[in-house]
Amino acid sequence: MFNRNRRLRERKEIRDLVKETVLTSKDFIYPIFVVEGNNIKEEIPSMPGNYHYSLDRLEEIIDKVTSLGIRGIILFGIPSYKDEIGSSAYDDNGIVQKAVRKIKELNKDLWVITDVCMCQYTSHGHCGILKGSRVDNDETLKYIAQIALSHAKAGADMIAPSDMMDGRIQAIRDILDENGFLHVSIMAYSAKYSSAFYGPFREAAHSAPQFGDRKSYQMDPANIREAMREIECDIDEGADIIMVKPALSYLDVIRWARDRYDTPIAAYSVSGEYAMIKAGAKLGFINEKQVAMEMLLSMKRAGADIIITYYALDAAAWLKEEA
Ligand code: PBG
């Protein structure tokens, strides 16, 4: 006697009935890049199908996101001015602050998350304040907190720090609470690895470091126990959601986190993951839709509750076609 496991794969009907993981458009967060200027919708060369938008062109993309049933977006700003201390990052009239206000006017219900970091805003491209050639942790915390506060004042629903300084979640929670933003939540880039998969993003966001690399603050791809320590610290300091980033090469990290913590988990399927599928499909080597959907499904199966993906719009549209 042997088990006939194939019985439950006989037809689509039974396969659907025993399916363990289901993707929906409600799982996705879509990243949007905003720039200063007028009438700009410029495709990002390394991320086809994704664009830089000026504020006056945001309506089109916000309507699209909404009509596809996507619940949230995460905003990345590309400022027109950079300096040593990233001062345009915490300017109440900075690009992200203006974009948040504009998006809330267009659709007050859309869940608006802001990426909090300094690398797009500093002339040296590092994620914090430099002392010599080192990124000074505690000095950076003061700035990160100010950026978070300015985003909350603009109306952001959720703050997502991606800088990887120690103590940033506590610093942000404290400043938000002191200023009455008790309801504004924090999604922590907790296990953020120092990854080559960020390449296309850095080109898109003009945020590559001008010297050295990010290895003294972002995590070593070799480590998973360290990721659990990072996550635990962030939960202790007040993170509402924890994140693993990148996603595809770090599904084991998502699974470990799922098994250990009850906090909701976001997986960030980063720019390089998107670009690889786009490039492979363009060459005719893989089927874009099937590969993209299988990849997103694997993140949810690994234990992610939320998937941040440049495929959000396509995936939501594909799911709609199949429904
Ligand atoms: C900013 C930031 C980065 C990403 C998100 N926030 C780049 C980096 O850390 O160098 C990467 C996102 C992606 O590759 O899609 N610190």
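Reply: A salt bridge here is a side-chain nitrogen of Lys or Arg within 4 Å of a carboxyl oxygen of Asp or Glu. This is a predicted model: local features need pLDDT of at least 70, side-chain atom pairs count only at pLDDT 80 or more, and totals for chains, interfaces and linings use all residues. Residues are numbered from 1 along each chain as its sequence is written, and side-chain values use heavy atoms, without hydrogens and water.

Me: How many salt bridges does the structure hold?

Reply: Side chains of opposite charge can pair when their charged atoms come close. By the cut-off above, the count is 19.

Me: With which residue does Lys 104 form a salt bridge?

Reply: The closest N and O atoms of the pair are 2.7 Å apart. Lys 104 lies in helix H3 (residues 95-106) and its partner in the loop between helix H4 (137-154) and strand S8 (158-161), so the pair ties together parts that are 53 residues apart in sequence. Helices (H or I, at least four residues) and strands (E, at least two) are DSSP runs, numbered from the N terminus. The partner is Asp 157.

Me: What distance separates a polar side-chain atom of Tyr 310 from an oxygen atom of the ligand?

Reply: A polar contact is a pair of N or O atoms within 3.5 Å. Ser 271 places a polar side-chain atom 2.7 Å from a ligand oxygen, and Arg 214 places one at 3.0 Å. For Tyr 310 the distance is 2.6 Å.

Me: Which peptide bond is cis, with omega near -10°?

Reply: Most peptide bonds are trans. The bond runs from Lys 245 to Pro 246.

Me: What is phi of Asn 39?

Reply: Most residues other than glycine have a negative phi. Asn 39 is in the loop between strand S1 (28-35) and strand S2 (41-43). Its phi is positive, near 55°.

Notes: Polar contact = N/O pair within 3.5 Å; in protein donor to acceptor, adjacent residues only side chain to side chain.
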